[in-house]
Amino acid sequence: MRQSVSIIKMDRGDKEYNASISLVKKQSTTLPDSLQLFHRLEKIHYETLKYDRRKLNYILGRFSAKLAVNTIAEVPCMQSINIGSGVFGFPIVKCVEAKNIQVSITHCGFIGMSIAFKESHPMGIDIERISFDKEKAILSQISKRELEILGTFDINDISGYTALWCAKEALAKIIKTGMMLDFAFLEIDTITLEGNTYVATFQHFGQYKAMCHINEDYAISVVLPRKTMTNLEKVWQMFDANV
């Protein structure tokens with residue numbers, strides 16, 4: 001599998017934080033052979049999966065997560081990193097050398113991405129393929145006000161809809177509810193364009209912001225504390241070069 005990692009440096013005025021974003025991409029029609037890097041418990045769970053698509057998603061998600069955690073925590077052995085699951089499916093990092101490290105995972109098609117961060121500075125990530133096949137489902141989760149906000153930007157409808165969906169998914173991962181939360185509670189409040197990054201704030205979660213990027217085929221969103229200052233240009237470049 002092709003793999004890339006980018007370090008994110010973040011400034012909150014009185015303190016600086018680091019996080020790492022990893023991207024892995026499957027390049028053949030067969031399931032990637034990465035299980036030798038998996039923890040014993042991860043291998044056991046993998047063997048319970050019946051379908052190739054679920055197996056692929058698990059490998060892409062876990063491998064990218066382990067890569068991100070290893071980058072920020074410098075774990076000597078990847079096999080010692082066990083990415084478990086909480087009761088609602090959110091990932092949990094279990095590793096002696098990676099105390100207080102958490103991870104957010106996303107996968108789409110043949111791509112897996114993860115962001116590893118300190119527990120004291122929560123983050124979330126999501127990617128989605130831009131596809132008209134998803135337009136009706138995504139549009140059903142977008143409010144009239146959000147449509148009006150999107151209308152002020154020079155982007156096509158489905159790209160804007162997908163970016164909003166990504167932002168909401170990434171926030172839902174931070175609060176560990178996933179798709180079980182009504183997306184109305186995740187409504188976007190404002191959007192500004194800073195360089196080639198769309199920065200969105202949330203109506204009911206004012207402490208967070210989403211930083212979004214759109215290319216021809218995909219949208220990606222990283223959600224982080226609102227007052228944190230960072231530049232994700234290197235992340236967007238890594239993303240565009242590999243997807």
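**Inside and outside**

Modeller: Leaving aside neighbours within four places in sequence, Ile 191 is in contact with Ile 149, Leu 150, Phe 153, Leu 164, Tyr 198, Val 199 and Ala 200. Bear in mind that this is a predicted model.

Biologist: Which residues touch the most other members in the largest nonpolar core?

Modeller: Ile 191 is one of them, along with Leu 171, Ile 188, Phe 202, Tyr 208, Ala 210 and Val 223. The core has 31 residues.

Biologist: Which elements give two or more residues to this core?

Modeller: Helices α4 and α5 (157-174) do, and so do β8 (188-194), β9 (197-202), β10 (208-214) and β11 (218-225). The most comes from α5, which gives 11 residues.

Biologist: What lies apart from it?

Modeller: Another core, of 25 residues, which includes Phe 38, Phe 63, Ala 73 and Val 93. In soluble globular proteins, nonpolar side chains tend to be buried together.

Biologist: Back to Tyr 198. Where does it lie, and is Tyr 198 buried or exposed?

Modeller: Tyr 198 lies in strand β9. Tyr 198 counts as buried because its relative accessibility is 16%, and the cut-off for buried is under 20%.

Biologist: What does Tyr 198 touch, not counting residues up to four places away in sequence?

Modeller: Tyr 198 touches Phe 153 and Ile 155, then Ile 191, Thr 192 and Leu 193, and also Ala 210, Met 211, Cys 212 and Ile 214. Cys 212 is 14 residues from Tyr 198 along the chain, and their C-alpha atoms are separated by 4.9 Å.

Biologist: Now Ser 64. Where is its place, and what does Ser 64 touch?

Modeller: Ser 64 is in helix α2 (residues 52-73). Beyond residues up to four places away in sequence, Ser 64 touches Ser 22, Val 24, Ile 59, Gly 112, Met 113 and Ser 114.

Biologist: Is Ser 64 buried or exposed?

Modeller: Ser 64 counts as buried because its relative accessibility is 0%.

Biologist: Different topic. How many salt bridges does the structure hold?

Modeller: Five. One of them joins Glu 42 and Lys 66, with the closest N and O atoms 2.9 Å apart. This pair links distant parts of the chain, since Glu 42 is in helix α1 (residues 40-48) and Lys 66 is in helix α2, 24 residues apart.

Biologist: Are Glu 42 and Lys 66 buried or exposed?

Modeller: Both Glu 42 and Lys 66 are buried.

Biologist: Which side chain meets Asp 189 in a salt bridge?

Modeller: That of Arg 145, at 3.3 Å from N to O. This pair also links distant parts of the chain, with Arg 145 in helix α4 and Asp 189 in strand β8, 44 residues apart. Arg 145 counts as partly exposed because its relative accessibility is 37%. Asp 189, at 23%, counts as partly exposed too.

Biologist: And Lys 134, which side chain does it meet?

Modeller: Lys 134 meets Glu 128 in a salt bridge, 3.4 Å from N to O. Lys 134 is partly exposed, with a relative accessible area of 31%, whereas Glu 128 counts as buried at 14% relative accessibility.

Biologist: Where is Lys 144 found, and is Lys 144 buried or exposed?

Modeller: Lys 144 is in helix α4 (residues 144-150). At 67% relative accessibility, Lys 144 counts as exposed. Lys 144 and Ala 200 are 56 residues apart in sequence, with 16 Å between their C-alpha atoms.

Biologist: What do β1 and β2 form, with how many residues between them?

Modeller: A hairpin, with four residues between the strands. Gly 13, in the turn, has a positive phi of about 85°.

Conventions: Residues numbered from 1 in each chain as written. Predicted model: local features only at pLDDT ≥ 70, side-chain atom pairs only at ≥ 80, totals over all residues. Heavy atoms only, no water. Buried < 20%, exposed > 50% of the residue type's maximum accessible area, 1.4 Å probe, protein only. Core = buried A, V, L, I, M, F, W, Y, C linked by side-chain atoms within 4.5 Å. Contact = heavy atoms within 4.5 Å. Pairing = 2+ DSSP bridges. Salt bridge = Lys/Arg side-chain N within 4 Å of Asp/Glu carboxyl O.
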